Amino acid sequence: MTGYPTAGSPLRAMLDDTVAPNHLPDVTWLRQYLAAGAPAGEPIMLSLGETWDHTPQPLLDALREVPANSHGYQISMYGLPLLRTVLKEYVADTQRLPRSDAWELAVSWTGTRSAMRDFAIYVAAERARGGRPPGSVLAVAPAWDYAGLTEPLGFDTVYVPFDPANGGSVSPEAVRRTAAGLAPGALSLVVINAQHNPTGANWPPEVVATLVETALEHGAAVLVDDAYYGLCPPEAPVTSALEILLGHLDGQRSPVPWLGVRSLGKQFHCNGWALGAVTAEPALLDTLVNDLRPQHTFNYAVQLQWAMARWLGRPSEVAGYLAGERAATAAKRAAVLDRLPEEVRRRSIAGPSAPYVLFPVPDGLKVGDYLRSAVLDCGVLLSDAWPLARIGDAGEVPDAGYARLYLGPDQELLMAAIDRLAGARRGARVGAARGAPPPPFVATPFVHTRRLFDAL
């Protein structure tokens, strides 16, 4: 089985370092659990969207064949031309983009987060030239950590509220109401995450179109985050936000800046490679990669880019691999849901377009307390339904009422994690030492903080 950190594993090595690997509470809990002798067994890591294996073998094999000149800096800030060329064709084919000069693509080799941050810096600078503050970022709640990279730059975050537990996606009406509640000129950036993290919903085209129209009406920039696009099952049409955006522009130059990012690490289980696609209009992309990007990085990791180019150059194998991964994820999703108590399963959220299951924590118990207890007493590391370190006003973190379980590891490991949590529900030793409540599976409504519903 994969996912268990064994003695001598990289995880234990990082946790046993003489410095704290990071400031997240997860690290503190893991260290405490291991210091107690891992009483429930080796930790099961189901918080990050990361498996640390399952990488396609041909992709790994390609690393043995990289040319000798791949181990130094390269001259192009657009990425290795070999990868850029094949990746542009791959994105055009899979996301149904026109072959035109309306868009250009660069390789991201430091993860898509850094590309998003460069774009936010660009947007803030453009507004500053007009004498305006950075403004507001519009995203759908719950959301990935867009606030974590934009708020330090002076933006604030406004959320379109919806209850994922009711099924479907956010409504176009909710998008319009939220935007209409802002002061004129305040909206500066609209985020579109059509394969939604964390709920796994594949947003209908009309929702994406409404977000695009809202941005254009308010003169706001558009950020398309396609982190999970390649994981969406083919049974239903996959909504391509970039296709909708470019179709709306109809070959004309956009009146607002826009950027699309797509992760390759999520598709191919190689998040540590930090490779992805960055798409924008040619002039904007040139500014991002040749003016802003050199402020913090050079072109490196070329050996990884070369290997990825070789892998993407085998389209039938890539398609077969992704089909297998989608089928495996669907089977694991079904198995996890089937293992949950019926009253929890009814309130669980498990859309087909992201590898997560969200389940409700016990009524009256904060998610943070539940996550802590799950680690200290069960050795199971989960995450909040809001997968971020902070959000909104300083220190304000909404309690969504749901924990997020990552479906990437092998099914046997997922079942072991559910059994540990279910064993805690039956009341053995969980929380006894501290007099804390156990982390049972108990249904509870999806709860937002008041702030998230201000727009309603």
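This is a predicted model: local features need pLDDT of at least 70, side-chain atom pairs count only at pLDDT 80 or more; totals for chains, interfaces and linings use all residues.
Residues are numbered from 1 along each chain as its sequence is written, and side-chain values use heavy atoms, with hydrogens and water left out.

**Exercise 1. Find how helix 5 and helix 11 cross, and which residues meet**.

Step 1: Locate the helices. Helices (H or I, at least four residues) and strands (E, at least two) are DSSP runs, numbered from the N terminus. Helix 5 covers residues 112-129 and helix 11 covers residues 282-292.

Step 2: Look at the axes, which are lines fitted to C-alpha atoms over the stretch in contact, with angles from 0 to 180 degrees between N-to-C directions. The two axes come within 11 Å and cross at roughly 105°. That makes helix 5 roughly perpendicular to helix 11 (under 35 degrees is roughly parallel, over 145 roughly antiparallel, 65 to 115 roughly perpendicular, the rest oblique).

Step 3: List the contacts (heavy atoms within 4.5 Å). From helix 5, D118, F119, I121 and Y122 meet L284, T287, L288 and L292 of helix 11.

**Exercise 2. Work out the strand order of the open sheet of 3 strands**.

Step 1: Two strands pair if DSSP finds at least two bridges between them. Strand 9 and strand 12 (residues 402-406) pair in the antiparallel sense over 5 bridges, and F359 stands opposite A403 in strand 12.

Step 2: Read the order, which is 9-12-11 with antiparallel pairing. Strand 9 (356-360) and strand 11 (383-384) each have a single partner strand, so one side of each is left without a neighbour in the sheet.

**Exercise 3. Describe the salt bridge between E65 and R310**.

Step 1: Recall the cut-off: a side-chain nitrogen of Lys or Arg within 4 Å of a carboxyl oxygen of Asp or Glu. The side chains of E65 and R310 meet at 3.3 Å, N to O.

Step 2: E65 lies in the loop between helix 3 (57-62) and helix 4 (81-95), and R310 in helix 12 (residues 302-312), so the pair ties together parts that are 245 residues apart in sequence.

Step 3: Check exposure (buried under 20% relative accessible area, exposed over 50%, partly exposed in between; 1.4 Å probe, protein chains only). E65 is partly exposed at 44%, and R310 is partly exposed at 39%.
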